[in-house]
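Colleague: Hi! Could you walk me through this one? I'm new to reading structures.

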Amino acid sequence: MLQLTPSTRCLWNVRPIAAVAAVLLLAAGLSASGPAAAASEPYRIGGVQVSAKGKTAAEAKARAIASGRQAALRRLLRRITGPADYKRLAAIRWQGIDQLVSGHEFERERATGTEYTGVVVYRFDREKVRRWLRGQKVAVVDAAARPALVLPVWQAKRGPLLWDD
C-alpha cells in the first residue's frame, strides 16, 4: 500500500499543475505555426514544393524558383482575396511577379547534375501586392482577427455554470 508522506503529497499535488502547464506550453508552441502564423504574416508563403529540370543544376534551380513563385502567388491570393476574385485571378499568369516578391529562402533543397527539388518560403511585398490587386479591382482582406477565447457554458437550473467540481 502506498503511504503518503508530506514529501509525496507535495509531488502528488504538483503533477496536475505540471500537466496543465505542459498542455498550455504545447498549445502556445502549436500556435506559432499553421493558421496562426499565416494570420500574423499573411504575405509569407512557406512550404512551397519546387522541382525542375534543366541543362545544368543552376538552370534547373532558376526554373524551379520561378515556378514556385507562381504557386506561392496563387496561395497568397487564396489567402487574401474572396473566392470569386480568386477564381478570376488564379487564371492569370502575370509576368511581373518578380516585382511582387521581396525575397525567398530555402527550407530544404537538393540538386543533381540536371535536376533541382526543394521547399521554398516566398515573401511578398505587401504594398506592391495591394497596389497590383487594386489595379485588378480586387478587395484585399489581410488583417487578422483578434484572438478570442471561447468557453462552453452549461445552463443549469441554478444558473450558468462554467465547470463544477
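Modeller: Happy to! One term before we start: two strands pair if DSSP finds at least two bridges between them. Also keep in mind that this is a predicted model.

Colleague: Got it. So what is the bridge partner of Ala52 in β3?

Modeller: The partner of Ala52 is Tyr116. That bridge belongs to the pairing of β1 with β3 (residues 115-124), which is antiparallel and runs over 8 bridges.

Colleague: And in what order do the strands of the sheet come?

Modeller: The order is β1-β3-β2, in an open sheet of 3 strands with antiparallel pairing. The edge strands, each pairing on one side only, are β1 (44-53) and β2 (101-111). On average, neighbouring strands are turned by 25 degrees against each other, direction ignored.

Colleague: Which helix packs on the sheet?

Modeller: Helix α3, residues 57-80, does that, and α3 touches β1, β2 and β3. The direction of α3 makes about 145 degrees with that of β1.

Colleague: New topic: where is Thr81, and is Thr81 buried or exposed?

Modeller: Thr81 sits in the loop between α3 and α4 (83-90). Its relative accessible area is 10%, so Thr81 counts as buried, the limit being under 20%. The side chain of Thr81 reaches the backbone oxygen of Leu77 at 2.4 Å.

Colleague: How many salt bridges does the structure hold?

Modeller: There are 7. One of them joins Arg69 and Asp98, with the closest N and O atoms 3.0 Å apart. Arg69 is in helix α3 and Asp98 in helix α5, so this pair ties together parts that are 29 residues apart in sequence.

Colleague: Are those two buried or exposed?

Modeller: Arg69 is buried at 17% relative accessible area, while Asp98 is partly exposed at 46%.

Colleague: Which residues are linked in a network of salt bridges?

Modeller: Glu41, Glu105 and Arg123 are linked that way.

Terms used: Residues numbered from 1 in each chain as written. Predicted model: local features only at pLDDT ≥ 70, side-chain atom pairs only at ≥ 80, totals over all residues. Heavy atoms only, no water. Helix = DSSP H or I, 4+ residues; strand = E, 2+ residues; numbered from the N terminus. Axes fitted to C-alpha atoms, helices over the stretch in contact; angles between N-to-C directions. Contact = heavy atoms within 4.5 Å. Buried < 20%, exposed > 50% of the residue type's maximum accessible area, 1.4 Å probe, protein only. Polar contact = N/O pair within 3.5 Å; in protein donor to acceptor, adjacent residues only side chain to side chain. Salt bridge = Lys/Arg side-chain N within 4 Å of Asp/Glu carboxyl O.
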